[in-house]
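Student: I have a model open and would like to learn how to read its features. Can we take them one at a time?

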Amino acid sequence: MERKPVFPQLAEIIHGGDYNPEQWLDRPDILEEDIRLMKEAGINCATLGVFSWSVYEPEEGEYHFEWLVQIMDNLYQNGIYTILATPSGARPAWLDEKYPEAMRVDEYGVRNHHGFRHNHCMSSPVYQQKVETIIRKLTEQVKGHPGLILWHISNEFGGECYCPLCRERFQGYLSERFDGDIHKLNHAWWNTFWSHNYNRFDQIEPPYSNGERSNMGLNLEWKRFTTWNMNEYMKFEIGILRSLTPEIPVTTNFMQLYWGLDYRVMAKELDVVSWDAYPRFHNDRETFYETMEQNAFDHAVMRGMKRNTPFMLMESAPGLVNWQEYNKLKRPGVHQLFGMQALACGSDTVQYFQFRKGRGSFEQYHGAVVDHLGTNDTRIFKETAALGQNLKKLSQIAGSLVRAKAALLFDWDNMWAIADMKGLSDYTKNYVPVCHSFYREFLRMGVDMDVIASDDDLTEYDLVVAPMLYMLRPGAAGNLQAFVKRGGQLLATYLTGYVDETTLCFLGGFPGEGLSELFGVVSEEIDTLYPADRNMVRFSDGSRAQVKDYAEILRVKDAECLAVYEEDFYRETPAVTVRRHGKGAAYYVGARIEIESLRGIFGRMAEDAGITTKKLPLGVEYHKREADGQCYEFYLNNTEESQEIAGVDGENLLGSRMAGETLTLGRYEAAVFVSRQADY
């Protein structure tokens, strides 16, 4: 596998993050000290200009970029590169005062006031005009600067707009989506129910809070439209930059599994995927290693959007954050471990919000490399500098990739459709936690999984898990059928294949679109269990597992039964099945059962897929990156105790303790090994 560094001019891991020198222009002593502290912390890149519009353009048509150019010059002269943001993430007050139509309208149809961030209408011509002007003026000043390595488009895109312009665009979007045929839309949304048929596309309104919110098809298409509309806006900014600086790549920072946008649509327009990771460390709901496992899942989501290049950890907190429900400090050692996990999962960067804490406003207490104390002797600064030193030791990893042979299917619009369906329980659907649980079990077996869409190309994979694939996008069923036919190991669960992409139920039995033949079962009914309800399944080896939340009643056609229910009127009927197709296999888990009880099936799937598993102590995480015939293996101890891992081989890049082939990792310690021949 060829090495593909994100930034060839650096030839190392990027270490840095958001820097806001415009807040300190009256303190040249602080700006000078910042350069010294960055170098001491091993920082080689700074993100500038994220919220600088009101300093760039304090009054309409009055521009000031000299300070920015001076900062970029100073950084570059000291070996520090620049990621430069377009400033559209937050607008100056003069713009909203003069052009109120640039502000969004909320779900009640009320125009917003100036404030917060991203309070702009994506469809507003005047807003786009002002954005284009400031981007062109900015680019004139920095074009050709040797320190500029990446454009950062706006910041954390999000939100919706219900203004007349967006409503009209929504109607046009629907007309195109349904080929200009209102009868086709009425059928897809089943609008005869409740006498909700439309006569024309211009009758259709967004799902206002005081309007139509009971139509599943409308609600889902509004979500898709909002993604489309935001993506069109983002493409507008990207188009300007690519016309002026085609040699500079572009990204924008995603926010975990953000509810409001389908990031996979937007990722297609970017040169590199980046995201902001803020795990709720040390919470009282889960163990620390479970928090880390969930963060690994989120990394895998980002990696899966562009599998042929490393991703970027654009923001994280070297200490605490200030906006979670409980803003708890990262314990000593966690920051180092967190940074190593990002690399292990495929990132070529570890970056922060922010370098120096601000004195006031909303994020004045958000963690930073340099505290209000302003010195280099704080715990946070020392830990950041220590991570910086280790990143330098790992510079050879830049451009290597995670080559996962297993994948988990996750779709944003499936998540939206499940949440909006009127059935099951409003409290226990838990699509995302269920996806986490399957990913976690394979992670504990030492198996990396990409998290990809159901209609993505599966030819790279030998094992696929598809939890709760309620909605089948076009091509998804055929994708799974072809995967199993060529020898792939597939596992799906209850609630698979109930509706099409417009949320119309399939006729002829679930799962639809031919998947009942693939799995050899038909789901006749699904039972929703109260928390007090009890049922069990019994596997063919005699082991038992508890059922909670959901249980499908299955009609088996030509599948092998692996487990049956023990209670209720459907006792002794199949709960877990498999149908084999030559070397391929299609497993169906018809109930929400304890995930640990499926480890035997997971192990069998991995063995049949030719995927090597590992015996790891609970809480130890394993990942592998590869490039140019070299294999980089990461071991992360996500526990409070020392752990021993046997069978470790290769050159030890971080100097962890070894006894023969046994690695000892202390509390929150990471180790990285490189071998000269990758394991293909």
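**Reading the features**

Tutor: Start with a side-chain pair: the side chain of S516 makes a polar contact, at 3.2 Å, with the side chain of E517. Keep in mind that this is a predicted model.

Student: Where does S516 lie?

Tutor: S516 is in helix α16, residues 515-519.

Student: Is S516 buried or exposed?

Tutor: Read the relative accessible area; under 20% means buried. S516 has 6% relative accessibility, so it counts as buried.

Student: Which residues is S516 in contact with, leaving aside neighbours within four places in sequence?

Tutor: P511, V521, V522 and K557.

Student: Now the rings. How many aromatic pairs does the structure hold?

Tutor: It holds 41. To classify one, look at the angle between planes: under 30 degrees is stacked, over 60 is edge-to-face, and the rest are tilted. Take Y63 and F65: their ring centres are 6.2 Å apart and their planes are at 10 degrees, so this pair is stacked. Y63 is partly exposed, because its relative accessibility is 24%. F65 has a relative accessible area of 5%, so F65 is buried.

Student: What about W222 and F225: how do their rings pair?

Tutor: Their planes are at 35 degrees and their centres 5.3 Å apart, so that pair is tilted. W222 and F225 both belong to helix α8, residues 216-244. They are three residues apart there, about one turn of the helix. Both W222 and F225 are buried.

Student: Which residues do ring pairs link into a cluster with W222 and F225?

Tutor: The cluster also takes in Y162, F170, Y173, Y208 and W228.

Student: Where do charges sit over rings?

Tutor: Check the distance to the ring centre and the angle to the ring normal. The charged end of K330 is 4.3 Å from the centre of the F338 ring and sits over it. R177 lies over the face of F178, 5.3 Å from the ring centre.

Student: Next, the sheet. What is the strand order?

Tutor: The order is β5-β4-β3-β2-β1-β9-β8-β7-β6, in an open sheet of nine strands with parallel pairing.

Student: How many bridges join β4 to β5?

Tutor: Two bridges join β4, residues 148-152, to β5, and the strands run parallel. H152 stands opposite T251 in β5.

Student: Which strands does helix α10 touch?

Tutor: Helix α10, residues 288-305, packs on the sheet and touches β6, β7 (274-276) and β8 (311-315). The direction of α10 makes about 155 degrees with that of β7.

Conventions: Residues are numbered from 1 along each chain as its sequence is written. This is a predicted model: local features need pLDDT of at least 70, side-chain atom pairs count only at pLDDT 80 or more; totals for chains, interfaces and linings use all residues. Side-chain values use heavy atoms; hydrogens and water are left out. Rings of Phe, Tyr and Trp (its six-membered ring) pair if their centres lie within 6.5 Å; planes under 30 degrees apart count as stacked, over 60 as edge-to-face and the rest as tilted. Buried means under 20% relative accessible area, exposed over 50%, partly exposed in between (1.4 Å probe, protein chains only). Helices (H or I, at least four residues) and strands (E, at least two) are DSSP runs, numbered from the N terminus. A charge sits over a ring if NZ of Lys or CZ of Arg is within 6 Å of the ring centre and within 35 degrees of the ring normal. Two strands pair if DSSP finds at least two bridges between them. Contact means heavy atoms within 4.5 Å. Axes are lines fitted to C-alpha atoms, for helices over the stretch in contact, and angles run from 0 to 180 degrees between N-to-C directions. A polar contact is a pair of N or O atoms within 3.5 Å; within protein, one must be able to donate a hydrogen and the other to accept it, and residues adjacent in sequence count only if both atoms are side-chain atoms.
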